[in-house]
Amino acid sequence: MTILVTGGAGYIGSHTVLYLKEKGESVVVLDNLLTGHRQSVLNDVPFYMGSLHDEQLLSYICQNHNIEAVIHFAANSLVGESVKDPLSYYENNIAGTLSLLKVMNKNNVKRIVFSSTAAVYGEPKSVPIQEEDPAIPTNPYGETKLAIEKMLHWADKAHGIKSVALRYFNAAGADPEGRIGEEHLPETHLIPIVLQAALGQRENITVFGDDYPTPDGTCVRDYVHVMDLADAHYCALQKIRNTKESGIYNLGNGKGFSVKEVIEVCREVAQYDIKIETAQRRTGDPAVLVASSQKARDELKWHPRYPDLKTIVTDAWNWHKNKAESFSVVQHSK
Ligand code: UDP
């Protein structure tokens, strides 16, 4: 029996594929490679380049690989972009998942672990955020993820498709062994942007807003190591295999860091005095997002191994630095 990982060439997807293989699972990847990277997926993992909207391809994969469960990452996932281009978020995220669920149901695949997000909460009333707190997204990205969670709920009631939705807070870091890391083109996430500046790949960093109601005026986020997220997917899979119960879980470390604090940790790790400038707030950004992950700890038996921000940044830095060095070796040898 095999697990289909959609979006398995993306940042969190590729780390999860690596982790599942280490756990001895059989895995197949579907990715359209619009934002993912083929080289982030191990060569011995069957790989299909294609779209979630291609139901024929999805059926083919389910039948030919004896799929027992899906881990579903494939989605558009940028808050700012979703505000500018909401319809493509509705199309890719909601219609894409609809087509996946239809094919799963037809092919009797009844388990799915879904990449959801802290963005479903919008501006929280209190922190740390708990799963039963109101979900009122402030941007189309969060709206589409919340709509999918609801679709999963009803697919369970009607068709017995069991799901675990994982609401990630801020994914960061890289494989501690340095095999893969975070590589978005263009990059929009805070930690990789700061590290790129430390490597001289960009001039300076823009802090989006310093007038938030937080101690230093910049946004506070809960950063979680990508390998801990990968582990959470494995735990979630075991949960639906064993208990056949659906659920929704936050994944974070329960500790918030402001944008300025993150930059400070990056400065320390990279040993480089990164220049910052301040600009207006980015549309759709809540002031504070910090998770309570007690439910995931209790029910999924998820225990993050890398909760320390400095460890998270160090793993990200090692990957970025090695990539830059190997790129410069290739350039010089040309
Ligand atoms: N951020 C920033 N400058 C950047 C990128 C991000 O000030 O160049 C801020 C962003 O406004 C947010 C935090 O850093 O408050 C984390 O943003 P990121 O895009 O990494 O993750 P998100 O919270 O959007 O998932």
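**Figure 1. Gly 200, after helix H6.** Gly 200 follows H6 and has a positive phi, near 80°. Helices (H or I, at least four residues) and strands (E, at least two) are DSSP runs, numbered from the N terminus. The structure is a predicted model, in which local features need pLDDT of at least 70, side-chain atom pairs count only at pLDDT 80 or more, and totals for chains, interfaces and linings use all residues. Residues are numbered from 1 along each chain as its sequence is written.

**Figure 2. Burial of helix H6.** H6 is mostly covered, with eight of its nine residues buried. A residue is buried if 20 or more other C-beta atoms lie within 10 Å of its own, exposed if 12 or fewer, and partly exposed in between, with C-beta atoms placed from the backbone. The buried residues of the helix are Leu 190, Ile 191, Pro 192, Ile 193, Val 194, Leu 195, Ala 197 and Ala 198.

**Figure 3. The shell around the ligand.** The ligand is surrounded by 15 residues, of which His 189, Leu 190, Val 207, Phe 208 and Cys 219 are the closest. E8 provides the largest share, four residues. A residue is near a molecule or strand if its C-beta atom, placed from the backbone, lies within 6 Å of it. By residue class, the shell holds eight nonpolar, four polar and three charged residues. Ala, Val, Leu, Ile, Met, Phe, Trp, Tyr, Cys and Pro count as nonpolar, Asp, Glu, Lys and Arg as charged, and the others, Gly among them, as polar.

**Figure 4. Strand E4 and its partners.** Five of the six residues of strand E4 (residues 67-72) are buried. Strand E1 (residues 2-6) runs parallel to E4 and is joined to it by five bridges; Ile 3 has Ala 69 in E4 as its bridge partner. E4 is also joined by three bridges to strand E5 (residues 111-117), again in parallel, and Val 113 in E5 is the bridge partner of Ile 71. Two strands pair if DSSP finds at least two bridges between them.

**Figure 5. The surroundings of Ala 174.** Ala 174 lies in the loop between strand E7 (170-172) and H6. This residue counts as buried because it has 28 C-beta neighbours inside 10 Å. Leaving aside residues up to four places away in sequence, Ala 174 touches Ile 180, Gly 181, Glu 182, Val 226, Asp 315, Ala 316 and Trp 319. Two residues are in contact if their C-beta atoms, placed from the backbone, lie within 7 Å. Arg 38 is 136 residues from Ala 174 along the chain, and the C-alpha atoms of the two are separated by 17 Å.
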